[in-house]
Amino acid sequence: MTYESAAADDDGFAEYAVAAWPRLVRTAQLLTGDFHEAEDLVQTTLAKVYGRWRRVPRGEIDLYVRRSLINNNLSRIRRKRVVHLLTPVLPESLRHTSAGHAEAVEQRTSILEALADLTARQRAVMVLRYWEDLTELEIASVLNCSIGTVKTHARRGLAALRAHPRLATAAAPVLPPPLPAPSGARR
């Protein structure tokens, strides 16, 4: 089979994969905490999606790929095949000595460290809500759970992030302010 005939047989998968790659790697990096693991996770996810590409409804491609990415990450964590070796502080680069860059690197490191301390489901909700900007309904659909479960994970995840020592001492606020409890709500 030639490259041209293979490209014609993929029904737009190659174009989708090329266009979605940066967004998927960013999301996966927030889920895994490591760029190289993120690329591996996205590559594995896209390989699995390719096998079912013709059966994926065209209107739900993004939902299907996000769900696959989250599920593959959860499976990876459950199997514990990969040991997370995150350094507490990123090494300073000699060419980036401006204070603004150092603060941005420190802030990003703090956020990634705090995300790494969350449970896998809380981390998935935080990433999908605040970095992918999905609604609670869309997150529930991706994670295949109820909206109430999404809200619970979001509330607990935000509370854990606010209480995290690295984020509590951060110079600039990086988390959304706490939401007031609805009147008459049970705790």
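This is a predicted model: local features need pLDDT of at least 70, side-chain atom pairs count only at pLDDT 80 or more; totals for chains, interfaces and linings use all residues.
The chain contains 9 helices and 0 strands, and its elements accordingly read α-α-α-α-α-α-α-α-α from the N terminus on. Of its 187 residues, 34% count as buried. Among contacts with a sequence separation of 6 or more, 62% are accounted for by residues 24 or more positions apart.

Helix H3 covers residues 35-52. At 1.5 Å a residue, its 18 residues should span 26 Å, and the C-alpha atoms at its ends are 26 Å apart, which agrees with that expectation. The buried residues of H3 are Glu-37, Ala-38, Leu-41, Val-42, Thr-45, Leu-46 and Val-49. Viewed down the axis of H3, these buried residues fall within an arc of 165°, and they therefore line one face of the helix. His-36, Gln-43, Ala-47 and Gly-51 are exposed on the other side of H3.

Two of the buried residues of H3, Thr-45 and Val-49, are touched by Ser-68 when residues up to four places away in sequence are not counted. Ser-68 is found in helix H4, which comprises residues 61-79. With a relative accessible area of 15%, Ser-68 is itself buried, because this value is under the 20% limit.

Helix H6 comprises residues 120-131 and includes Gln-122. Arg-129 also lies in H6. The relative accessible area of Gln-122 is 11%; buried means under 20%, so Gln-122 is classed as buried. Not counting residues up to four places away in sequence, Gln-122 touches His-153, Arg-156 and Gly-157. Arg-129 has a relative accessible area of 29%. This value lies between the limits of 20% and 50%, so Arg-129 is partly exposed. With neighbours within four places in sequence left aside, Arg-129 is in contact with Leu-134 and Ile-139. Arg-129 and Val-150 are 21 residues apart in sequence, and their C-alpha atoms are 9.6 Å apart in space.

Ile-139, a contact of Arg-129, belongs to helix H7, which covers residues 136-143. Within H7, Ile-139, Ala-140, Val-142 and Leu-143 are buried. Seen down the axis of H7, the buried residues fall within an arc of 165°, so they line one face of this helix. H7 is followed by Asn-144, which has a positive phi near 60°.

The axes of H7 and of helix H8, residues 147-163, come within 8 Å and cross at roughly 105°. H7 is therefore roughly perpendicular to H8, because angles of 65 to 115 degrees are classed in this way. On the H7 side, the contact is made by Glu-136, Leu-137, Ile-139 and Ala-140. On the H8 side, it is made by Ile-147, Val-150 and Lys-151. By class, the contact of H7 with H8 has 5 nonpolar, no polar and 2 charged residues. Ile-139 and Ala-140 are among the buried residues of H7 and also take part in the contact with H8.

Conventions:
Residues are numbered from 1 along each chain as its sequence is written. Side-chain values use heavy atoms; hydrogens and water are left out. Buried means under 20% relative accessible area, exposed over 50%, partly exposed in between (1.4 Å probe, protein chains only). Helices (H or I, at least four residues) and strands (E, at least two) are DSSP runs, numbered from the N terminus. The arc is that of the directions from the helix axis to the C-beta atoms. Axes are lines fitted to C-alpha atoms, for helices over the stretch in contact, and angles run from 0 to 180 degrees between N-to-C directions. Angles under 35 degrees count as roughly parallel, over 145 as roughly antiparallel, 65 to 115 as roughly perpendicular and the rest as oblique. Contact means heavy atoms within 4.5 Å. Ala, Val, Leu, Ile, Met, Phe, Trp, Tyr, Cys and Pro count as nonpolar, Asp, Glu, Lys and Arg as charged, and the others, Gly among them, as polar. The expected span of a helix is 1.5 Å times one less than its number of residues.
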